[in-house]
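Hi there,

Here is the structure I promised to pass on. My notes on its aromatic rings follow below.

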Amino acid sequence: MSNSDVFRQALRLVGKDFNLLNRLIYSHLRSDVPLVGRVAQYLLNSGGKRIRPLLLMIVARALGCAPGGPQVRAGVIVEYIHSATLLHDDVVDEAEMRRGKSAANVLHGPAASVLVGDFLYSRAFQLIVELLEQRRAVEVLASTTNQIAEGEVMQLMNLNELAVTEEQYLEVIRRKTASLFEACARIGAILAHSDREVEDAAARYGLELGMAYQITDDVLDYSGGEEAFGKNVGTDLKEGKTTLPLLHAMRVGSPAQQSVLRDALRTGGLGNLSGVMEAIESTGALKYAAGRAREASERAADALSALPENRFCEVLTSLARFAAERSY
């Protein structure tokens, strides 16, 4: 099944929920401050797949939630939280592109991006009040938002750092990216009043899905390109991020290759991008990282054995494969 087929299949199953989700996302953006709406809508209109709320809604429906249930409002909340992190990330990273377009901080300035990100966070927590009857869902969202912030700080501490280990890298992406996938799947189970065993299995699925998704993201940074992936090749290197392909190449490369990679990471420059790419390709770094993504994807699919067999779980299996095989 192709990448686009996965999403078409998902939308056929939860299309009404997805349409309601989008209406609520924009209706709750209303503000008396015009700049808030402009910046937030620019990001939300820029082509995101809404994979996190989609995951939450599919898990909830797989476990018995009715169409239009609380999973839709919970999906709005996680999309706001995710969008806030993107606005803040792009300021920290001084990113120039997001999803193939100029990043919001380029068009509106870093101060506006930070403050509108704060607005999205606070609006998310306003909406969380409506979930207070599901206390555990609120606890999961609060804890996850804190983990994301910790992951961002850990990544900041590792910038241009030559001694980052694979374990440290995996811990950063677990907190920064995979924790929100995990939360979405867990909340879907909570809203469906699932027992704890099923809830934990859904959470394991979400965690491994998120790990596969982020590792693939890091592979695509060296192989995707602007047209397909929405940002330039080598963006992570330019920002000083030691991701899995670079870590593997530095570990197994020749002394000369290690020197090239160290220099590029230390300076954050792309002046010798061809040398970096040669080292990554000749050491099999992309193949290695893609293999780690597939392992996470397989663990995600295995976790679904605790969930009922139905059309929704078939889509979740397809999403697990998509996370490791996607090209954008």
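A residue is called buried here if its relative accessible area is under 20%, exposed if over 50% and partly exposed in between (1.4 Å probe, protein chains only). This is a predicted model, so local features need pLDDT of at least 70 and side-chain atom pairs count only at pLDDT 80 or more, while totals for chains, interfaces and linings use all residues. Residues are numbered from 1 along each chain as its sequence is written, and side-chain values use heavy atoms, leaving out hydrogens and water.

Rings of Phe, Tyr and Trp (its six-membered ring) pair if their centres lie within 6.5 Å; planes under 30 degrees apart are stacked, over 60 edge-to-face, and the rest tilted. That rule gives 2 aromatic pairs.

In one of them, the ring centres of Phe7 and Phe322 are 5.0 Å apart with planes at 90 degrees, so the pair is edge-to-face. Phe7 belongs to helix H1 (residues 3-27) and Phe322 to helix H16 (residues 311-325), so the contact ties together parts 315 residues apart in sequence. Helices are DSSP runs (H or I, at least four residues), numbered from the N terminus. Phe322 is buried at 2% relative accessible area, and Phe7 is buried at 11%.

Phe181 and Tyr213 also pair: their centres are 5.3 Å apart and their planes at 40 degrees, so this pair is tilted. Phe181 is buried at 0%, and Tyr213 is buried at 8%.

Tyr213 has a charged neighbour too: Arg326 lies over its face, 3.7 Å from the ring centre (the criterion is NZ of Lys or CZ of Arg within 6 Å of the centre and within 35 degrees of the ring normal).

Best wishes

Note on methods. Helices (H or I, at least four residues) and strands (E, at least two) are DSSP runs, numbered from the N terminus.
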